[in-house]
Amino acid sequence: MTDRVPVLKIGEVLLVSIQTDLDDQMVLDLQEDLSNRIVATGAKGVVIDISALEIVDSFVGRMLAHNAAVSRILGAETIVVGMRPAVAMTLVELGLSMSGVRTALNLERGLKLLRRIAAGRA
Amino acid sequence: MKDYAAECASLETVPVSTSGDVVSMRQMVRILAQRGGLSLVHQTKLVTAASELGRNMLVYGGGGSVRAASVTDAGRPGVFVEFRDKGPGIADLDLALTDGWTSGNGMGLGLSGARRLVDEFDIESGPSGTTVRIVKWAK
């Protein structure tokens, strides 16, 4: 299992598009890769696209919340985009509130939200 | 819970000893849920519950095996999944089923959350292992 989720840089934003069903090791690797890349690139924003994910269980949910918190300390705001409605309903019933994680319906809106946040900071 | 395993014509079995096996197990459960005609939300809830229980048996039970099958009850289709490990067992089941309680570094939502996501939930635990059985019905 050496598969890693690619972290792409576009301007001051890092884009993570999760396209495969993640095992726990891939989740842990992504967490580490992402924080390293934020520091290496000085990115101000991170967008994590989970539209291809059929489920988000407590482990992945925790990773998303943890990433958002770590990224914020490192100076980057995280937006999780593309969550499927069935996934959102399941997360709530599971008991994960995802508080502290900003979300947007899709990639386009996520990038817009990041620009608004950046403008507010400037 | 009824003994669904006994009345199933065909049970699919997968071993779970790595986190990659949990992914394969989830896919098996999803295919059964799709075949059984569960709605997308019900499929998602069942597969999420299976993911939590599969991880639990891997982390706390040292791995084990998962059996799953399509079942019917009074003409209503559903999916039965059984998680069996030979780990040390759970000392206090009531406590383990409490929201937010964790013996490891999780969030304590594995067992309690999985129970909420399915229609039937049954757990047996002793010094020779833990078995969890769940059923999700199509509605």
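Trainee: Which helix gives the largest share of the lining of the second largest pocket?
Mentor: Helix 4 of chain A, with seven residues. Helices here are DSSP runs (H or I, at least four residues; strands are E, at least two), numbered from the N terminus. This is a predicted model: local features need pLDDT of at least 70, side-chain atom pairs need 80 or more, and totals for chains, interfaces and linings use all residues. Residues are numbered from 1 along each chain, chains are lettered from A in the order written, and side-chain values use heavy atoms, without hydrogens or water.

Trainee: And how much space lies in that pocket?
Mentor: About 280 Å³. A pocket is an open set of points on a 1 Å grid over the protein atoms alone, where a 1.4 Å probe fits, with protein on both sides within 12 Å along at least five of seven lines; lining residues have an atom within 4 Å of a point. Points are joined across faces, edges and corners, and the volume is the space filled by probe spheres set on them.

Trainee: Which residues are closest to its centre?
Mentor: Of the 14 lining residues, those are Glu12(A), Val13(A), Gly45(A), Leu114(A) and Arg115(A). Strand 2 (13–17) and helix 4 (107–121) of chain A each give two or more residues to the lining.

Trainee: Switching topic, what is the mean pLDDT of chain A?
Mentor: The mean is 94, and 98% of the residues in chain A reach 70 or more. pLDDT is the predictor's confidence in each residue, from 0 to 100.

Trainee: Where in chain A is confidence lowest?
Mentor: In helix 4, at a mean of 93, while strand 3 (residues 45–49) is highest, at 98.
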